[in-house]
Amino acid sequence: MTAEVLATASLAALFAFASLIKLLGVQQSLTIRDHLGVSPLQWRVIGLLELAGVAGVLTGLVWPPIGIAAALGLTLLSLGAIGFHVRKSDGLADTAPSVIALALAVATAILQWMESAGSL
């Protein structure tokens, strides 16, 4: 398994989980939503964007431009999440999942770009 596939699969799994708990209304997710001060509609939209990002990065394994764009979108969502945690003065334990997601999204974008550049 290549580093690109491993990073992409890890990113997809992380965001699939994050998306589903938002869209299904899992209580822990709703508690986080309320703590961060995000409206229910915004929370569902974020969940849908995360799910679209998952589809995009997986598609990127066969069509890199889509995967790169999706990984960059997930990077922006992660930065937004970090911003919300910082605004609430959350500690590392609460912010760490967003930081990990950010690192995986950036790594996936870079690895998919490198893979596409190598195959030109």
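The model is predicted. Its secondary structure consists of 5 helices and 0 strands. The largest pocket holds about 750 Å³ of space, and 31 residues line it.

**Fold and overall shape**
- Read along the sequence, the elements of the protein chain follow the pattern α-α-α-α-α.
- The C-alpha trace spans about 45 × 25 × 20 Å along its principal axes.
- A compact globule of 120 residues would have a radius of gyration near 14 Å, and the protein chain has 15 Å, so the two agree.

**Confidence**
- The mean pLDDT of the protein chain is 95, and 98% of the residues score at least 70.
- Among the elements, α3 has the highest mean pLDDT, at 98, while α5 has the lowest, at 94.
- Where pLDDT is low, predicted coordinates should not be read in detail.

**The largest pocket**
- Rolling a probe the size of a water molecule over the atoms shows where empty space is left.
- The lining residues that lie nearest the centre of the largest pocket are K22, I32, W43, H85 and S98.
- At least two lining residues come from each of α1 (3–23), α2 (27–36), α3 (40–59), α4 (64–87) and α5 (92–118).
- The helix that gives the most to this lining is α4, with 7 residues.
- Sorted by class, the lining has 18 nonpolar residues, 9 polar residues and 4 charged residues.

**Contacts with aromatic rings**
- K22 lies over the face of W43, at 4.8 Å from the ring centre.
- Both K22 and W43 are also among the residues nearest the centre of the largest pocket.
- The structure has 0 aromatic pairs.

Definitions and conventions
Residues are numbered from 1 along each chain as its sequence is written. This is a predicted model: local features need pLDDT of at least 70, side-chain atom pairs count only at pLDDT 80 or more; totals for chains, interfaces and linings use all residues. Side-chain values use heavy atoms; hydrogens and water are left out. On a 1 Å grid over the protein atoms alone, a cavity is a set of points where a 1.4 Å probe fits but cannot get out, and a pocket is an open set with protein on both sides within 12 Å along at least five of seven lines; lining residues have an atom within 4 Å of a point. Grid points are joined across faces, edges and corners, and a volume is the space filled by probe spheres set on the points. Helices (H or I, at least four residues) and strands (E, at least two) are DSSP runs, numbered from the N terminus. Ala, Val, Leu, Ile, Met, Phe, Trp, Tyr, Cys and Pro count as nonpolar, Asp, Glu, Lys and Arg as charged, and the others, Gly among them, as polar. Rings of Phe, Tyr and Trp (its six-membered ring) pair if their centres lie within 6.5 Å; planes under 30 degrees apart count as stacked, over 60 as edge-to-face and the rest as tilted. A charge sits over a ring if NZ of Lys or CZ of Arg is within 6 Å of the ring centre and within 35 degrees of the ring normal. pLDDT is the predictor's confidence in each residue, from 0 to 100. The radius of gyration is taken over C-alpha atoms; the globule rule is 2.2 Å times the number of residues to the power 0.38.
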